Amino acid sequence: MDLDAVTKQSALHAKPDGLTLQYGTAGFRTKAEHLDHVMFRMGLLAVLRSKQTKSTIGVMVTASHNPEEDNGVKLVDPLGEMLAPSWEEHATCLANAEEQDLPRVLVDIGEKAAVNLHQDAFVVIGRDTRPSSEKLSQCVIDGVTVLGGQFHDYGLLTTPQLHYMVYCRNTSGQYGKATIEGYYQKLSTAFVELTKQAFCSGDGQRTLKVDCANGIGALKLREMKHYFSQGLSVQLFNDGTKGKLNHLCGADFVKSHQKPPQGIEMKSNERCCSFDGDADRIIYYYHDADGQFHLVDGDKIAALISSFLKEPLLEIGDSLSLGVVQTAYANGSSTRYLEEVMKVPVYCTKTGVKHLHHKAQEFDIGVYFEANGHGTVLFSKAAEMKIKQLAKELEEDKKRKAAKMLENVIDLFNQATGDAISDMLVIEAILALKGLTVQQWDALYTDLPNRQLKVKVADRQVISTTDAERQAVKPPGLQEAINELVKKYRLSRAFVRPSGTEDIVRVYAEADSQENADSLAYEVSLAVFQLAGGIGERPQPAESPEQFLDDLPLFT
């Protein structure tokens, strides 16, 4: 490791005074002009991680659903997964090191992680369509090359596509070809195979309107759509030709504001969906005949997919385990539907995709989606091999078809932590095979009315939770107060959790009516304010839903 060269190159990517960043589930994110040094240093870190794992590591330049002025970076581990938690700590330490300390911190990381510095390193890089992304990608490349690492710059990619490239390279092409063409072919072939029966039965071509958030998803979906155009016609809106990234459009906007994005024309009962800026989330929605807006969120995506998967699993008669993983924010009606109607086991984890992903890996087939539309289905290697073997060996036609259906679903799902294009194709395939309209899908269950608020506190660390953040253990008396308030309302529950980034406490409440959900959320907020050191203005009762729009949490 040539530390003199690192010091010299780092001076060209100097760290601004006083800037401190924390690597989390979303990697690093802030205003683009503050990220030059972070990108350079993540290039350095990617080389060390590559040497340590003897694998290709990915670096994605994106800030997902954040405004266009922001940017960010996240590292992708060898099997297309998020960076290991111990290396998140290394990333934070390296990004915040002062210039004079950078060589020492770099050496410390190498020693703590037992990195063989003589090992070769290879890094693949992707970026979204933000104006700042190309320059920041070059900063990453500068970091990779100064430590002697090799790299391949894929240029413009969705975040899940970079995850796919990393996984392909580290499985010697067994998962697929590590090219954008390979990605398109793998997913579209599986989609066409899966839907062949539905489209042969006279269902005809289906049409879907897609809001691409003026992001990278538009570019890639436009390149890909001719591969599956015989079965599905996608019409692109907010395609980046005009309008700013994520501005008044995209999955996060639709979910938070409970209304359609600007720039899309919706007729009654038309299926529409929205991606986020880097195409790793998807949300469906429609207008009914009365013009009422209906959101079909990640909870209903999980319900649709898991109920679909259960049928072929029962048909082939194999004992593969199927589990659905949710967070405390999942609507109570979705949990009851899965457990009581579909008889599918449901598990709850802390908020954050990395927690969901880790729990889902415990099953042969793990389904997880956050309500915001970020999620996927994970098949264990053993389950994948078993299903593909059954698809070849089963003699009974019905059982063989069921195994083949599961095999196509395996190939459709990108094993990243969420892929809007992949999820879209799976959803469209299921709706076609089941002959379901978007209204019928939405009617699987009725969401309980809910409300989310936030309370400013002097120190968020006074709140401590357990049971996947559903129970507060500190401060004393808070959980008891919440329990008493919940007893006042039918079908109700409430929980509180501290923000991961600022001194606020997030409050969630649901009940049998919107009025009761609002009242419960307000009363729990008051309890938090009184018992957890609230500051500023006391929580106020709801007057209109609009006042709560800024209180919705940003999930990553």
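## Domain organisation

In this predicted model, the domain assignment divides the protein chain into domain 1 (3-156), domain 2 (182-294), domain 3 (298-422 + 437-443) and domain 4 (450-532). Domain 3 is given as two segments, 298-422 and 437-443. Taken over C-alpha atoms, the centres of domain 1 and domain 4 are separated by 37 Å.

## The annotated C-terminal span

An unreviewed UniProt entry carries the annotation "domain: Alpha-D-phosphohexomutase C-terminal" for residues 454-524. In the model, this span is 28% helix and 32% strand.

## Serine 333

Serine 333 is part of helix α11, which comprises residues 332-341. Is this residue, serine 333, buried or exposed? Its relative accessibility is 11%, and serine 333 therefore counts as buried, the cut-off for that class being under 20%.

Once neighbours within four places in sequence are set aside, the contacts of serine 333 are with Tyr445, Thr446, Asp447 and Leu448.

## The largest cavity

The count of cavities of 30 Å³ or more comes to two. The largest cavity has a volume of about 120 Å³. Its lining is made up of 17 residues, and those nearest the centre of the cavity are Thr25, Lys74, Asp280, His374 and Thr417.

Which parts of the chain supply the lining of the largest cavity? Domain 1 (3-156) and domain 3 (298-422 + 437-443) each provide at least three residues. Among the secondary-structure elements, helix α6 (residues 159-170) gives the largest share of this lining, with three residues. By residue class, the lining of the largest cavity consists of nine polar, four nonpolar and four charged residues.

## The second largest cavity

The second largest cavity holds about 40 Å³ of space. Tyr23, Gly24, Thr25, Lys74, Leu75, Met82, Leu83 and Glu88 form its lining. These lining residues of the second largest cavity divide into four nonpolar, two polar and two charged.

Methods:
Residues numbered from 1 in each chain as written. Predicted model: local features only at pLDDT ≥ 70, side-chain atom pairs only at ≥ 80, totals over all residues. Heavy atoms only, no water. Helix = DSSP H or I, 4+ residues; strand = E, 2+ residues; numbered from the N terminus. Buried < 20%, exposed > 50% of the residue type's maximum accessible area, 1.4 Å probe, protein only. Contact = heavy atoms within 4.5 Å. UniProt positions renumbered as here; feature names shortened; annotations may be inferred. Domains from an automatic or database assignment. 1 Å grid on protein atoms, 1.4 Å probe; cavity = no way out; pocket = protein on both sides within 12 Å on 5 of 7 lines; lining within 4 Å. Points joined across faces, edges and corners; volume = space filled by probe spheres on them. Nonpolar A, V, L, I, M, F, W, Y, C, P; charged D, E, K, R; others polar.
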